[in-house]
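Work through these exercises with the structure open. Try each task before you read its solution.

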Amino acid sequence: MTPPSPTPLLAGVELGGTKCVCIIGTGPDDVRDQVTIPTAERNSTLERINSVLDGWWTAHGPIEAMGLASFGPLDLRPQSRTFGHITSTVKPGWEGTDVIGRLGGHRGIPVTINTDVNGAALAEGRWGAAQGLKDFAYITVGTGVGVGLIVDGRPVFGCNHTELGHIRIARLAADTWPGICQFHGDCVEGLASGPAIGARAGMPGSQVPADSPVWGPVTHALGQLLHTMLLATAPKRILMGGGVVERRPELLARVRAQFVKSLNGYLDLEDLTGGVDRYVVPPGLGALAGPLGSLALAADAVDSATTKRPGC
C-alpha cells in the first residue's frame with residue numbers, strides 16, 4: 001500500500017496597503033514562521049520580502065509552491081504582458097509593480113497570484129467560516145474596502161477581478177461629506193475605510209468613540225454594500241473582517257441592522273439565509289485570514305499542478 005503523501009510545505013506573501021506578511025507552513029495549524037514588514041517604498045519593501053523568503057528556503061528546505069495575495073487592482077489576465085502587475089493603485093509608487101516577477105518568477109516552483117481579499121476568501125473556504133460553501137464572500141474593511149467574491153468555488157473574474165469596494169451607493173440622507181477616494185470620492189472605500197473614518201473624525205479611527213456620529217455613515221455605506229452583493233450574486237454567507245472590524249467588533253451588529261433596513265423586506269432573509277446574524281459573520285480565521293490567504297493560493301497551485309500530472 002502506498003503511504004500518503006506528506007502535506008506540502010507552502011510559502012506565501014500578503015501584500016497589504018499598510019503591511020506585508022510573509023508566512024510559511026502547511027495551513028492554520030502548522031505555521032512555521034511569520035514575518036511582518038511595513039509597506040513602504042516599493043523596492044526596499046520587495047527586497048526585504050525576498051530576503052525573508054530566501055532565508056526560509058535555506059532554513060526549512062524544499063518549498064513546493066508559493067502564493068502571492070496582493071492589494072490592487074491587479075492584472076490577472078494570464079495572456080497579458082503585464083500579468084501579475086499592480087495597475088492603478090492608490091498606493092504611491094506602487095503602480096506598475098511586477099509583483100509575480102519580483103517575488104516569485106525566479107524561484108522555479110508553482111506560483112499563484114490573486115488579490116489579497118480573494119486570497120482571504122479562499123482561505124476561509126478551505127479552513128475557516130465558509131467551509132463547505134461554493135458561493136460566499138469575504139469583506140475586509142481596513143486601509144481599503146475589498147471584497148473577495150467566490151462563485152461556484154472560484155473567485156469571480158471576467159475582464160477583471162471584482163472591485164466592489166469602489167461601487168457608488170445611495171448616500172445617507174443629509175450626509176454631504178465628499179469621501180477620500182482619489183478616483184471616486186464617496187464610493188464605499190472613500191466613505192468607510194480606516195483612512196476615511198480617520199479623515200472624517202479628525203483623529204485616528206482607533207480613537208473615535210463608539211458613540212461618535214461618524215459611525216452612522218460608515219455602517220450605512222457598508223450596509224449598502226451588503227445590499228448590493230446579496231442582490232447581485234446572492235452569496236450564501238458574507239464574512240466581514242479587516243482591521244476596522246477587528247478593532248470594533250460592535251460595528252458588525254450595526255452593519256447588519258443597516259443591511260436589513262436597506263432591504264426593507266424585499267427578501268425574506270430568515271428563509272433564505274437562516275437570519276442576518278448567521279448570514280453576515282466574522283471570519284473564522286480572524287486576523288489570520290489575510291496571511292493564510294497566500295497559503296491558500298499556494299495550496300491551489302499545488303492542486304492545479306497535481307491535476308495536470310500525467311497519469312493523475
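Two exercises follow, each with a worked solution.

This is a predicted model: local features need pLDDT of at least 70, side-chain atom pairs count only at pLDDT 80 or more, and totals for chains, interfaces and linings use all residues. Residues are numbered from 1 along each chain as its sequence is written, and side-chain values use heavy atoms, with hydrogens and water left out.

**Exercise 1.** Find Tyr279 and decide: is Tyr279 buried or exposed?

*Solution.*
- Step 1. Go to helix H10, residues 276-279, where Tyr279 lies. Helices are DSSP runs (H or I, at least four residues), and strands are runs of E of at least two, numbered from the N terminus.
- Step 2. Tyr279 counts as buried because its relative accessibility is 0%. Buried means under 20% relative accessible area, exposed over 50%, partly exposed in between (1.4 Å probe, protein chains only).
- Step 3. Look at the backbone oxygen of Pro235: the side chain of Tyr279 reaches this atom at 2.6 Å.

**Exercise 2.** Which residues touch the most other members of the largest nonpolar core?

*Solution.*
- Step 1. Recall the term: a nonpolar core is a set of buried Ala, Val, Leu, Ile, Met, Phe, Trp, Tyr and Cys residues joined through side-chain atoms within 4.5 Å.
- Step 2. The largest core has 36 residues, and Ile139, Leu225 and Phe259 touch the most other members.
- Step 3. H6 gives the most to this core, eight residues.
- Step 4. Check Leu225. Beyond its neighbours within four places in sequence, its contacts (heavy atoms within 4.5 Å) include Ile139, Val145 and Val188.
- Step 5. Another core, of 26 residues, lies apart, with Val13 and Leu46 among them.

Definitions and conventions. A polar contact is a pair of N or O atoms within 3.5 Å; within protein, one must be able to donate a hydrogen and the other to accept it, and residues adjacent in sequence count only if both atoms are side-chain atoms.
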